[in-house]
Amino acid sequence: MTTQTIYILNPAYFLKNDIKRAVIGDHGGIQDSSEVYTEDVNSVLHPKIAQMLSFFDGERTLQECLDAIAAYFGVTPDDIAPIIEKYISNPKAFTIPYGKHRIHVPQNVLIEKKDHKKFNRYTPEQFEVDGEVDLSHDRYNKPIQCTLELLFKCYTDCTYCYADRSRRNSGDVMSLDQILHIIREAKSIGIVNFDTNGGEVLMHKHYKEIFRELAANGYFPLISTKMPVKRDVLEFLKEIGMLKFQISIDSLNPEILTQTLKVEANYRDRILDTMDLLDELGFPWQTNTILTKYNSSLEQIKPLLDKLLSFKNLKEIRINPAGYSLYKSAEHYNEIKTSVQSVDAIETYVGTLPEIQQNRIILGGTSTVKDMTREARMKSFGKRSICSGNHSSFFILPDGKVTICEELYWHPKFIIGDLTKQSIMEVWNSQKAVDLYYITPNEFREESTCKTCDSFSACRRPVGICWKEVLMAYGKNNWDYPDPGCPYAPVPFNEIFLK
């Protein structure tokens, strides 16, 4: 650390005024993925910390920032220096005691400015609060992220689809004006990330107007598709700045694609044509492959990886086992799912590739039988990631109903509002949303082990449980059962894990 060095807030992080306090979060290194950062950050900050960090605008040296911060708070630079020093290239996350509460600070908060093209700039006035600072609760006063499911219409008919298929051909979607209003409202209340999902988002009849509005408000969501896309569409997306593009491809074998996706015989060639266009047009694109028993052999995976690794602008190759679907039968999942042995064989093969190729491949996992032992759950459950649903984010269904997680869809227990009738903040502060976050054991049935658990409050807040996995493991009527990862949970009724 030198006083003449220029530092900036790590581009992987953002700061936000949360009415009575500030928050720091991450958006996955979306602006500069080369920086080291703490993933899944959702931390409450004292607003004075956010104000101090806001002085690091990429123009002033450390000494100039210290002088400006000292002048703002009416103290000396020597008073400020030891505080700021903790945030400069800090190699580990740390906590700060504040009364009865603790402030959690991620790693590498302030970094040296080098060739960063994009990074956030703030002013101290953005983090001023009226009245007393309140760090007493974890649920955000204003949400920071939302996802809009534009429509359920699909180009493919995937055998492993996890969506609520009963709505696939539903015309029950919001009007263009309603969608544009939601985007503008999200911007006005400071929502940081506005994502879109489908169905096939590019099959929405107003996709151009929607993505133009998103871009105009500074939102550039990942566009994920299984549909062959033509040049004019890609050129339009590139022109408005929608460069984050994911295309799914499960196999190079046309027969497997026809069997598992219900697509035409020339589908593979058309998807590969789209990939050629993405590379030619300079998109920093990625792929996603879903493993089932039909495509998870090395005989299938090797040629696919060989082909994908030949693209120069393909940044990430994601490979994930098909998961259990709430909207298909348990028998169906057991029929199509891959095996632990197949996933392990792929992982071993990837490990033999040159490191530069390995770094482009992200092999995801899913729950296995060994994860379900009591001993394994005792070790892992307390280390689970925080659930952002109804804590800092929400999910908008095509008809405007709001739920807390995509795969819960229209389950009545988790619908917290309706954006065709309410504002975002009215939904976020609705009694249904608040009561669900601060749920008590009184709402649980006697057959649920959560009813009498001494750790109920600590388990549910702030980390939370995965409601989706509860429903998958125990059925949609047993929403009040424990997270299947809990060491005190009963054996799942459904086989949601790999063998």
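The following legends describe close-up views of a predicted model.

Residues are numbered from 1 along each chain as its sequence is written, and side-chain values use heavy atoms, with hydrogens and water left out. Because the model is predicted, local features need pLDDT of at least 70 and side-chain atom pairs count only at pLDDT 80 or more, while totals for chains, interfaces and linings use all residues.

Figure 1. The strands have the order 5-1-8, with antiparallel pairing. Strands (E, at least two residues) and helices (H or I, at least four residues) are DSSP runs, numbered from the N terminus, and two strands pair if DSSP finds at least two bridges between them. Strands of a sheet pair through backbone hydrogen bonds, either parallel or antiparallel. Strand 5 (57-61) and strand 8 (110-112) each have a single partner strand, so one side of each is left without a neighbour in the sheet. Neighbouring strands of this sheet are turned by 35° against each other on average, direction ignored. Strand 1 (residues 6-9) is joined to strand 8 by three bridges, and Leu 9 stands opposite Leu 110 in strand 8. Helix 2 (residues 62-73) packs on the sheet, where it touches strand 1 and strand 5, and its direction makes about 95° with that of strand 5. Contact means heavy atoms within 4.5 Å.

**Figure 2. The crossing of helix 2 and helix 3.** Two packed helices are described by the angle between their axes and the distance between the axes. The axes of helix 2 and helix 3 (residues 77-85) come within 8 Å and cross at roughly 115°. Such axes are lines fitted to C-alpha atoms, for helices over the stretch in contact, and angles run from 0 to 180 degrees between N-to-C directions. The crossing of helix 2 and helix 3 is right-handed; a crossing is right-handed if the near helix is turned clockwise from the far one by less than a right angle, and left-handed if anticlockwise. Among the residues that make the contact are Leu 62, Leu 66 and Ile 69 of helix 2 and Ile 80 and Ile 84 of helix 3. By class, the contact of helix 2 with helix 3 has eight nonpolar residues, one polar and one charged. Here Ala, Val, Leu, Ile, Met, Phe, Trp, Tyr, Cys and Pro count as nonpolar, Asp, Glu, Lys and Arg as charged, and the others, Gly among them, as polar.

**Figure 3. The two faces of helix 6.** In helix 6 (residues 231-239), Val 233, Leu 234, Phe 236 and Leu 237 are buried. They cover an arc of only 155° around the axis, which puts them on the same side of helix 6; the arc is that of the directions from the helix axis to the C-beta atoms. The face turned away from this buried side carries the exposed residues Asp 232 and Glu 239. Buried means under 20% relative accessible area, exposed over 50%, and partly exposed in between (1.4 Å probe, protein chains only). The cover over the buried residues of helix 6 includes helix 5 (207-216), strand 11 (223-225), strand 12 (245-248) and helix 8 (267-281). Just after helix 6, Gly 241 takes a positive phi of about 95°.

**Figure 4. The surroundings of helix 17.** Six of the eight residues of helix 17 (residues 467-474) are buried, so this helix is largely enclosed by the rest of the structure. The buried residues are Trp 467, Val 470, Leu 471, Met 472, Ala 473 and Tyr 474, and they pack against helix 15 (431-437) and helix 16 (456-460). In the loop between helix 16 and helix 17 lies Pro 462; the peptide bond from Arg 461 to Pro 462 is cis, with omega near 0°. Helix 17 is followed by Gly 475, whose phi is positive, near 100°.

Figure 5. Most residues other than glycine have a negative phi, and most peptide bonds are trans. Ile 19, in the loop between strand 2 (13-17) and strand 3 (22-26), has a positive phi of about 75°. At 40% relative accessibility, Ile 19 counts as partly exposed. Asn 108, in the loop between strand 7 (101-105) and strand 8, also has a positive phi, near 55°. Asn 108 is buried, with a relative accessible area of 12%. Gly 199 lies in the loop between strand 10 (193-197) and helix 5, and the peptide bond from Gly 198 to Gly 199 is cis, with omega near 15°.
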